[in-house]
Amino acid sequence: MALVMICAPLALGQSASPPDPADAGKAVFRRANCFGCHKWHGNGGGGYGGDALSLRRTELDREQIIETVSCGRPGTGMPFFMRGAYDTVKCHGMTRQEVGDRIPPEGGTLLRQPDIEAVADYVLAHIKGKGEPTYDECTGFFGNTSRVCDIYKTAGAPGSGTEPSKQ
């Protein structure tokens, strides 16, 4: 009886995996439509605001990603997502008057500071420095029922979730 009481908490503690702290960032990445330009996998390419840079190959650190999401990039299609950017808060050391006609567009969704930080953490944990997108990454973003991921599902491909057939 005592053995059961000792082992039960251990089994319960091991059965549930801790939630990924970057999950909140993934939700914001979706809600703010970051994937509209950077794509779900972060490789970038053509989007609503032009050719978005690859987040997989970015050399930006956490603070630089936070500043970019907050303030956008002057003279580009990268929007700002922070309320008060260039007005009540200087961005890239500039006010609205100083940035002039190079002011980036306003993002469709303005984000709170914790949300901006969560996006940066998500990019660092799940996108930056990764190789080519995989089936597992795709289903991690869209879920197992999305057919969007089928293009990454090649027999035997690393991260495809399938094994090569043995004939």
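The dialogue below takes up the pockets and their linings.

Guide: This is a predicted model, in which local features need pLDDT of at least 70 and side-chain atom pairs count only at pLDDT 80 or more, while totals for chains, interfaces and linings use all residues. Residues are numbered from 1 along each chain as its sequence is written, and side-chain values use heavy atoms, with hydrogens and water left out.

Visitor: What volume does the largest pocket have?

Guide: A pocket is an open set of points, on a 1 Å grid over the protein atoms alone, with protein on both sides within 12 Å along at least five of seven lines; lining residues have an atom within 4 Å of a point. A volume is the space filled by probe spheres (1.4 Å probe) set on the points, which are joined across faces, edges and corners. Here, the largest pocket has about 750 Å³.

Visitor: Which residues lie nearest its centre?

Guide: Of the 34 lining residues, these are C37, H38, A52, M78 and P79.

Visitor: Which element gives the most to this lining?

Guide: Helices (H or I, at least four residues) and strands (E, at least two) are DSSP runs, numbered from the N terminus. In this structure β4 (106-111) gives the most to the lining of the largest pocket, with four residues.

Visitor: How does the second largest pocket compare in its figures?

Guide: The second largest pocket has a volume of about 200 Å³. Its lining has 13 residues, with Y122, H126, E137, G140 and F141 nearest the centre. The largest share, four residues, comes from α7.
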